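Okay, thanks for coming, everyone. Let me put the model up and then walk you through it.

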Amino acid sequence: MSETSVGLPAAVDVVVVGAGIVGLSHALEAHERGASVLVLERDDRPVGASVRNFGHISVTAQAGDARRAAERARTRWIEVAGHAGFDLLECGTVVVARAVEELAVLEEFADGRADSVELLSGSEVRCRAGVGDPAVLGGAFFPLDLRVDPRVTAPSIASWLETRGVRFGWSTNVLAVDSGMVRTNRGAVEAHSIVLAVNHDLDRFAPELAVSVGLRRCELEMLRVTGPVPANPDGPAVLTGSSLLRYDGFASCPSLGALRDRVRRERPELLEHVVNLMLTHRPDGSIQLGDTHVYAATLDPFPPESLAELLLDEASTLLGTDELAVQERWRGVYASTDEPFVVAAPAPGVLAVTVGSGIGMSTALGLAAETIERVL
Ligand SMILES: Cc1cc2nc3c(=O)[nH]c(=O)nc-3n(C[C@H](O)[C@H](O)[C@H](O)COP(=O)(O)OP(=O)(O)OC[C@H]3O[C@@H](n4cnc5c(N)ncnc54)[C@H](O)[C@@H]3O)c2cc1C
């Protein structure tokens, strides 16, 4: 394979732009179908949404196409973790219900899903989720859901793909893509097919497409905390009543309207800041928790501290302690679009793939298996 003066291959079958989970999933699928693949990433390692999330592979709470992709992704995650050598926990998810409306939604959701939803009593929830709020009434367990440590997962997949012959151009900013050609700050590469997996930056490459799919940036506030709560590094992901308002899987539950009305009446700030109180445990025993959502084409650079305080207060109530110490705080951004997935060809031979609803860890590995057929 001939190379450019900076060591990039001069021509490949497939260039993937972006080394987040969406780009890596497409690189894997293209490589497995025998294509020569080059991944171009502007940073020297993955630092986007794919390392800033909860690492929650949420299969059960998805609906429609996202559910199908998540089910397929679940199988892929288990295979890939084995090859790439990162820990994958088949730990499931516990949903905590602290209001009768939340319990009602979970009971409706569980109806007819004995294989994927198990209703829990209040004491079972407290024990499995390690939450101390006396208001806990009950909840549900989703055994199919998985967890990974997002800080190591994308780098591990990239390293593994590299050992299998996928080329990576790190610190390479892609300036423009067109049919058959990718222009970067380190020279040009010819490619039969190009996958644009640049998350919210789709609007930098394909502004008209971005407008047509309603693309905005969605910024989430996240905290990592320690405190006097039992360490449970292998424990389930924990969702709460606010999560029921966010995931599409619950959308058809008849009691969802009553739950939304109650939150609007009693806790309007949770709706105003689009809070989805959830947490996952980290390998060191600390807890990462989130999240709030702010939507804009261009995000305000100065989000108020009150968002982090709101999260901390909510988590303190849930965990039953006011002694949580914040160890890290960060923000992550994902693309928000009208539909969960954007899969479109802005030019012949160029496929833009964006997960537009904050479920990329759950779905990308399944989605790529479908979309790659359009690329090759
Ligand atoms: C705080 C937070 C929590 C979340 N929690 C979950 C969760 O628990 N479960 C779940 O399923 N989903 C979750 N999500 C959503 C999930 O993280 C995203 O859907 C997913 O990571 C998107 O993957 P991506 O590859 O598109 O984006 P990214 O990981 O952001 O990757 C895009 C890459 O493209 C690169 N790039 C952009 N422009 C260029 C260019 N010009 N040249 C070269 N490279 C470029 C960027 O540098 C970046 O590395 C969460 C998201 C956030 C922000």
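This is a predicted model: local features need pLDDT of at least 70, side-chain atom pairs count only at pLDDT 80 or more; totals for chains, interfaces and linings use all residues.

Residues are numbered from 1 along each chain as its sequence is written, and side-chain values use heavy atoms, with hydrogens and water left out.

So, domains. The assignment gives us domain 1, which is 11–53 + 151–213 + 338–375, and domain 2, which is 91–145 + 215–337; those bounds come from an automatic or database domain assignment. Their C-alpha centres sit 30 Å apart.

How many residues of each domain are in contact with the other? On the domain 1 side there are 20, and on the domain 2 side 15, with contact meaning heavy atoms within 4.5 Å. Between them, about 1500 Å² is buried, and carbon and sulfur atoms give 47% of that. Buried area here is the accessible area (1.4 Å probe) that two parts lose on being put together, summed over both. Keep an eye on R52, R151 and H200: they supply 43% of what domain 1 buries against domain 2, more than any other three residues.

The rule finds three salt bridges, a salt bridge being a side-chain nitrogen of Lys or Arg within 4 Å of a carboxyl oxygen of Asp or Glu. It also finds 13 residue pairs in polar contact, both partners at pLDDT 80 or more. Polar contact means a pair of N or O atoms within 3.5 Å; within protein, one must be able to donate a hydrogen and the other to accept it, and residues adjacent in sequence count only if both atoms are side-chain atoms.

Now the cores. The largest nonpolar core has 48 residues, and V96, V131, L244, F250 and L289 have the most contacts inside it. By core I mean buried Ala, Val, Leu, Ile, Met, Phe, Trp, Tyr and Cys residues joined through side-chain atoms within 4.5 Å. Buried is under 20% relative accessible area, exposed is over 50%, and partly exposed is in between (1.4 Å probe, protein chains only). Helix α12, residues 305–319, gives the largest share of this core, six residues. Helices (H or I, at least four residues) and strands (E, at least two) are DSSP runs, numbered from the N terminus. Apart from that core there's another one, of 47 residues, including V59 and L365.

If you zoom in on L289, leaving aside neighbours within four places in sequence, its contacts include F54, M222, L311 and A315.

Most residues other than glycine have a negative phi, and most peptide bonds are trans. Against that background, G290 and D291 are joined by a cis peptide bond, omega about -10°, and D291 is in strand β16, residues 287–296.

Then there are two positive phi values. N199 has phi near 55°; it sits in the loop between β12 (187–196) and α7 and is partly exposed, at 22% relative accessible area. V274 has phi near 45°; its loop runs between α11 (268–272) and β15 (278–281), and V274 is partly exposed too, at 23%.

Last stop: is S156 buried or exposed? Buried, at 18%, in helix α6, residues 150–163. A polar atom of the S156 side chain lies 2.6 Å from the backbone oxygen of V152.
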